[in-house]
Amino acid sequence: MTAEDIKAFGASLAEIFDRERHHLGQLDAALGDGDHGAGMARGFSRAAQAMEAVESGDVGSVFQAGGQSFMAGAGGASGPLFATVLLELGKASRGVEQLGLAELEAGVRAAAATIGRLGKTEAGDKTMLDALLPAAEVLGCAERSGERLAVALQAAAEAARSGAEATTSMPAKKGRARYVEAAGVGHPDPGATSMALFFEALYDVYKEVEGS
Ligand code: ADP
Ligand code: MG
């Protein structure tokens with residue numbers, strides 16, 4: 001995917017998170033303070049503008065600009081953590097004009113490690129990491145077996161969605177959800193749900209570009 005394709009991905013994220021703002025807010029209201037949808041919508045709206053303004057054909061610069069603006073726009077615990085995904089994808093694709101599976105896999109793997117470190121979180125804590133880790137794992141397998149990008153992206157989107165759904169039965173070990181009844185068992189984690197939307201959007205944009 002080129003820098004232009006990544007800008008289209010940014011625009012798509014802004015649209016999706018604007019549409020999902022209310023739903024994500026409701027998920028967060030059940031587990032926290034209800035601000036997650038608004039934060040994500042604000043973050044991706046700013047990110048998309050910044051990405052669009054990048055003039056270079058370097059994919060890394062587009063992700064980097066998006067990550068910095070997302071960080072400034074989205075608030076809460078999830079803002080800086082989610083920004084990490086864009087920023088690590090930016091680092092992994094610095095100086096690259098065509099994003100391939102190798103850069104994508106490296107960026108997503110690095111993002112999972114950084115979020116785990118910054119958030120002091122691991123798999124099963126009922127956070128965004130429970131959607132990101134399965135996606136990272138699937139991308140790693142696809143990379144090692146020389147899979148096509150389309151197949152890898154579809155598998156990553158499915159893994160992230162399954163991971164997000166699996167948070168429903170988990171008691172929260174991190175964030176505000178620890179303090180609600182039964183530590184939130186019975187409710188899906190909003191941050192993990194957002195992560196699934198992120199990977200689904202990436203696959204959808206890829207299908208569009210590839211088909212064009
Ligand atoms: P806040 O909790 O500050 O209101 P948000 O509502 O925007 O922030 O985001 C909540 C989401 O952030 C949670 O659903 C969870 O996925 C994620 N999250 C919270 N704490 C952590 C953490 N320590 N590590 C990773 N993710 C976290
Ligand atoms: Mg919140």
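**View 1. The overall fold of the predicted model consists of helices.** The protein has 9 helices and 0 strands, and the order of elements along the sequence is α-α-α-α-α-α-α-α-α. Its C-alpha atoms fill a box of roughly 50 × 35 × 30 Å along the principal axes. For 212 residues a compact globule would have a radius of gyration near 17 Å, and the value of 16 Å for the protein therefore agrees with that expectation.

**View 2. Ligand 1 takes up the space of the largest pocket.** A shell of 19 residues surrounds ligand 1, and the closest of them are Ala77, Ser78, Gly119, Thr121 and Asp189. By residue type, this shell divides into 5 nonpolar, 8 polar and 6 charged residues.

View 3. The largest share of the shell, 3 residues, comes from H9.

**View 4. Oxygen atoms of ligand 1 make polar contacts with both side-chain and backbone atoms.** On the side-chain part, a polar atom of aspartate 35 lies 2.9 Å from an oxygen atom of ligand 1. On the backbone part, a polar atom of methionine 128 is 2.9 Å from an oxygen atom of the ligand, while a backbone N or O atom of glycine 191 lies 3.0 Å from an oxygen atom of ligand 1. Of the 560 Å² of accessible area that ligand 1 has on its own, the protein covers 91%.

Conventions
Residues numbered from 1 in each chain as written. Chains lettered and ligands numbered in written order. Predicted model: local features only at pLDDT ≥ 70, side-chain atom pairs only at ≥ 80, totals over all residues. Heavy atoms only, no water. Near = heavy atom within 4 Å. Polar contact = N/O pair within 3.5 Å; in protein donor to acceptor, adjacent residues only side chain to side chain. Areas by Shrake-Rupley, 256 points an atom, 1.4 Å probe, with all protein chains shown as cover. 1 Å grid on protein atoms, 1.4 Å probe; cavity = no way out; pocket = protein on both sides within 12 Å on 5 of 7 lines; lining within 4 Å. Sits in = over half its atoms within 2 Å of the grid points. Helix = DSSP H or I, 4+ residues; strand = E, 2+ residues; numbered from the N terminus. Nonpolar A, V, L, I, M, F, W, Y, C, P; charged D, E, K, R; others polar. Rg over C-alpha atoms; globule rule 2.2 N^0.38 Å.
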